[in-house]
Amino acid sequence: MNKGSMKALSVVAPSGQLIATGKKTVEVRRWLPDLLPEEDLLIVENLNYLTKDGDEESGMAVAVVNISSVRPFTPDDIPAACASSFEGGWFAWEISNVRQVDPAINTRAARKIYTLEWD
């Protein structure tokens, strides 16, 4: 593998696998991503919610996606987000161009959008 870097987003299991297999097509967050629509985003699945800046844990890179649009989250998004309830004030990140990482790769999981680098 060549030296490189990629922006990444951590999601709590089983959301990563649901995204990688195309079952989850909307990610719901309270904040807006700093991404261009065609920019690749690595999805990293981890086991725990990371609640403080600087929180990290081991994760698995499971997919590369694009966030094609961001808009307010609505009750109609619940099935696509694989969510169990609706709460206003959140954003729906529409996931497109899903490319599964197979086999998944061990990597670090961190808060917000972060950059992973490799040699």
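Ser-15 touches Lys-24 and Glu-45, leaving aside residues up to four places away in sequence; a contact means heavy atoms within 4.5 Å. Ser-15 sits in helix α1. With 18% relative accessibility, Ser-15 counts as buried; buried means under 20% relative accessible area, exposed over 50%, and partly exposed in between, using a 1.4 Å probe and protein chains only. Helices (H or I, at least four residues) and strands (E, at least two) are DSSP runs, numbered from the N terminus.

The model is predicted: local features need pLDDT of at least 70, side-chain atom pairs count only at pLDDT 80 or more, and totals for chains, interfaces and linings use all residues. Residues are numbered from 1 along each chain as its sequence is written, and side-chain values use heavy atoms, with hydrogens and water left out.

## Ser-10 in strand β1

Strand β1 covers residues 4-12 and includes Ser-10. Ser-10 is buried, at a relative accessible area of 8%.

The side chain of Ser-10 reaches the backbone nitrogen of Ala-110 at 3.1 Å. Ser-10 and Asp-55 are 45 residues apart in sequence, and their C-alpha atoms are 11 Å apart in space.

## Nonpolar cores

A nonpolar core is a set of buried Ala, Val, Leu, Ile, Met, Phe, Trp, Tyr and Cys residues joined through side-chain atoms within 4.5 Å. The largest one has 14 residues, and Leu-9, Ile-19, Leu-41, Ile-43, Ala-63, Val-65 and Ile-67 have the most contacts inside it. Two or more residues of this core come from each of β1, α1 (15-20), β3 (41-46), β4 (56-72) and β5 (91-110). Strand β4 gives the largest share, 4 residues.

A second, separate core has 12 residues, including Leu-42, Leu-50, Val-64 and Ala-110.

## The largest pocket

The largest pocket has a volume of about 760 Å³. On a 1 Å grid over the protein atoms alone, a pocket is an open set of points where a 1.4 Å probe fits, with protein on both sides within 12 Å along at least five of seven lines, and lining residues have an atom within 4 Å of a point. Grid points are joined across faces, edges and corners, and the volume is the space filled by probe spheres set on the points.

The lining has 31 residues, of which Glu-27, Val-28, Arg-29, Tyr-49 and Trp-90 lie nearest the centre of the pocket. β1 gives the most to this lining, with 4 residues. By class, the lining has 17 nonpolar, 7 polar and 7 charged residues; Ala, Val, Leu, Ile, Met, Phe, Trp, Tyr, Cys and Pro count as nonpolar, Asp, Glu, Lys and Arg as charged, and the others, Gly among them, as polar.

## Prolines and backbone features

Pro-72 lies in strand β4 and is exposed, with a relative accessible area of 56%. Pro-72 touches Asp-77, Trp-90, Phe-91 and Ala-92, not counting residues up to four places away in sequence.

The peptide bond from Ala-13 to Pro-14 is cis, with omega near 10°, and Pro-14 is in the loop between β1 and α1. The bond from Asp-102 to Pro-103 is also cis, with omega near 5°. Asn-97, in strand β5, is not a glycine but has a positive phi of about 50°.

Methods:
Polar contact = N/O pair within 3.5 Å; in protein donor to acceptor, adjacent residues only side chain to side chain.
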